[in-house]
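Dear colleague,

I am passing on the structure below, and my notes on it follow directly after. Please read them alongside the coordinates.

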Amino acid sequence: MTRPTARPEADEGEQDTVALPDREVLKSVVSPEPGPPPVPEDDWTIDDSEALYRVEAWGESFFFINERGHIAVRPLLQQSLSVDIDDVVSDLRRRGVGFPTLIRFQDVLQTRVVRLNKAFIRAIRESGYRNRYQGVYPIKVNQLHEVVEEVLEAGRPFGMGLECGSKAELVAALPHLEQDGALLICNGCKDAIMLRLILAGQQIGQQVIPVLEKFGEFDQLLGVARELGVRPRFGVRVRLGTSGAGKWAESGGDRSKFGISIPELLTLIQGLKEQNLADALVLLHFHLGSQIPDIQILKQAVKEITQIYAQLLKRGVPLQYLDVGGGLGVNYGTGYSNENEGINYTLQEYANAVVYSVKEVCDDEGVVHPIIVSESGRAITAHHSVLIVEVLGTYRKDLIADDYAPAEDANTTVRELYEVLTRVRGPGRRAGKRPLSELCEAYHDAVEKRQEADTLFTLGYLPIEEKALAERLYWSTCKAILAQVQGIEPEAVPAELRALNDHLVDQYLCDFSVFQSILDHWSIGQGFPIMPVRHLDRRPNRRAVIVDLTCDSDGKVSHYVCANADKRFLEVYEPEGNAPYYFGFFLMGAYQDIMGDSHNLFGRVAEAHVYADAEEPDGYYIEKILPGTSVQEMLALVQYFPNDLHRRMNNLIRQKIEKGVIRPKAGVDLLDQYMGCFSQTTYYRPDDPSGDDPSGDDPSAP
Ligand SMILES: *Cc1c(COP(=O)(O)O)cnc(C)c1O
């Protein structure tokens with residue numbers, strides 16, 4: 001995959017991108033003049049924040065805003081037991097854990113597994129279905145060992161198994177099926193080595209079922225089986241007429257690259273019968289692709305495959321399992337109306353659709369009900385992990401206080417800009433009666449004066465401080481104009497004034513990489529819920545765009561899950577003084593948080609595994625902290641090794657010492673400092689935990 005690596009300076013229109021400032025500059029932009037204090041009589045409540053960030057839509061009852069105005073989680077869905085995410089963040093900070101950090105709520109995983117199984121159990125009971133449901137977890141969705149173990153643990157009472165799609169996944173999964181009868185479904189292309197391992201698994205009584213993806217695999221399977229002297233059991237992935245929809249649709253349907261067509265299937269069965277192996281085919285499978293948007297498409301596919309099942313059963317193939325693949329969608333809060341991202345069903349409706357559709361066709365055809373298998377990954381893992389990202393600095397353009405006046409001896413152009421601002425802010429504003437023509441004129445004056453200031457600076461007539469001031473005055477004027485335009489009906493407002501709205505959004509520079517942590521946002525435009533972790537009881541007073549630390553111009557979050565019509569920015573309450581400020585990125589657990597991408601050599605983020613526990617004072621404990629990828633590990637992936645780098649740096653420094661450029665002591669210190677970086681994590685550390693007060697504004701800190 002190639003990625004644009006353009007530097008951001010040539011961005012659209014105004015210069016609203018920031019290069020990474022150094023630490024001193026960061027400190028100063030984090031703490032501009034204090035913003036306006038919260039209006040005491042403000043009627044904004046946490047319910048308004050919940051609505052703004054659509055918490056109910058994506059939170060699945062796990063996430064909510066607590067009475068302290070913090071985002072919190074009820075991992076076991078019990079009213080009484082919740083974990084305040086801001087507490088966990090402060091806790092981690094006290095322990096010296098750097099950010100970004102991924103918090104895994106292991107209980108949420110368990111709860112999702114139980115919910116999925118119970119939804120099927122309920123559908124089976126209510127419909128009178130006469131067989132059982134047996135799920136498998138596709139480990140590609142999140143291969144982390146702890147995640148797989150947690151899923152298996154929670155799924156044990158339901159006989160839950162695993163699905164693997166590659167040799168490495170097979171090797172990882174095979175020893176994990178301790179429970180008799182739990183399935184291990186093997187999709188993907190399989191070579192002879194894999195097939196031998198699978199059949200060996202069958203020999204020792206494990207329910208390992210290879211699913212043939214291509215007709216050609218059939219002879220290979222029978223060959224290996226003959227060689228090992230076993231009667232194989234296998235399934236086939238059927239190429240259905242029904243195709244999926246949405247972003248991942250190419251996995252199903254006529255044009256998909258996977259699956260065995262109906263004519264091939266009949267040839268295959270003929271072959272089996274000739275070898276007296278008709279009972280080797282035990283499972284039919286399809287997979288429509290992830291995040292199926294429309295329940296009707298699913299029903300259609302399920303009915304189609306059940307029809308095939310029924311016909312084959314009647315022709316003497318004793319199939320046992322119907323595997324409906326993955327695709328159970330997750331509501332990312334983008335709403336049902338969004339044609340690309342929404343799903344139009346719940347977990348229970350999905351289970352009902354599968355069970356009732358299979359039952360209906362089987363009953364019509366008078367055949368026995370099969371064991372229903374599904375391979376839900378996204379729906380199990382998405383909710384359990386939250387990425388916590390720290391804001392390193394904010395860049396806002398309008399920072400001129402109301403009572404500000406430039407110095408007497410300031411450049412005339414700057415003073416004139418100030419006059420434009422005073423004019424716009426002057427009386428008449430409250431009544432909202434200032435005519436549009438006057439606002440337009442003020443805007444044009446401001447544009448002209450700013451250009452003048454730029455020219456003066458280029459020619460050397462304006463000191464840099466006054467150029468900075470001119471910029472601030474310009475943006476403050478724009479903001480004041482915009483405030484007065486707000487009440488006017490949009491069609492009446494000239495486009496150039498309306499566009500100001502976009503230019504005035506703040507940039508929140510955050511310590512993470514879009515490509516590393518929310519790859520699907522960058523690659524397919526998937527929206528993820530993002531919100532500040534605290535101050536959610538205050539009325540948002542800024543509009544923010546989140547930009548990351550990579551040098552790519554599209555290293556930013558380009559659209560947000562929120563209730564506003566304009567989703568290109570997020571409304572937030574501003575950072576206060578030097579207090580650390582964090583965003584939570586939610587629903588990271590499926591496909592995102594395990595991306596081993598090494599873009600710009602940012603590595604894996606650190607992780608904390610959190611369990612809810614009513615006995616603990618804050619209702620949780622941190623079971624484990626995994627450090628993020630070190631610089632050394634990251635470099636090793638691209639074949640740079642400490643020994644070699646040390647030797648080179650050593651030689652370089654020795655030369656400098658010999659030439660008298662630096663003193664030997666300084667040279668040794670530099671080498672130490674350089675080598676010390678190898679064990680650091682790859683992310684930016686806003687402060688040194690040993691030096692700075694790590695407690696921030698945490699009220700519980702001493
Ligand atoms: C990826 C995949 C899954 C998982 O799909 P989800 O939509 O995440 O549930 C299931 N089965 C197969 C064959 C897959 O390739």
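Thr 101 has Ile 388 in E13 as its bridge partner, within an antiparallel pairing of strand E4 (residues 101-105) and E13 that extends over 4 bridges; strands count as paired if DSSP finds at least two bridges between them, and strands (E, at least two residues) and helices (H or I, at least four) are DSSP runs numbered from the N terminus. This is a predicted model, in which local features need pLDDT of at least 70 and side-chain atom pairs count only at pLDDT 80 or more, while totals for chains, interfaces and linings use all residues. Residues are numbered from 1 along each chain as its sequence is written, and side-chain values use heavy atoms, with hydrogens and water left out.

E13 (residues 385-395) also runs antiparallel to strand E18 (residues 582-585), to which 4 bridges join it, and there Val 389 stands opposite Phe 583. A further 4 bridges join E13 to strand E14 (residues 506-510), again antiparallel, with Gln 507 in E14 as the bridge partner of Tyr 395. Of the 11 residues of E13, 10 are buried (under 20% relative accessible area, with exposed over 50% and partly exposed in between, for a 1.4 Å probe and protein chains only).

Best regards
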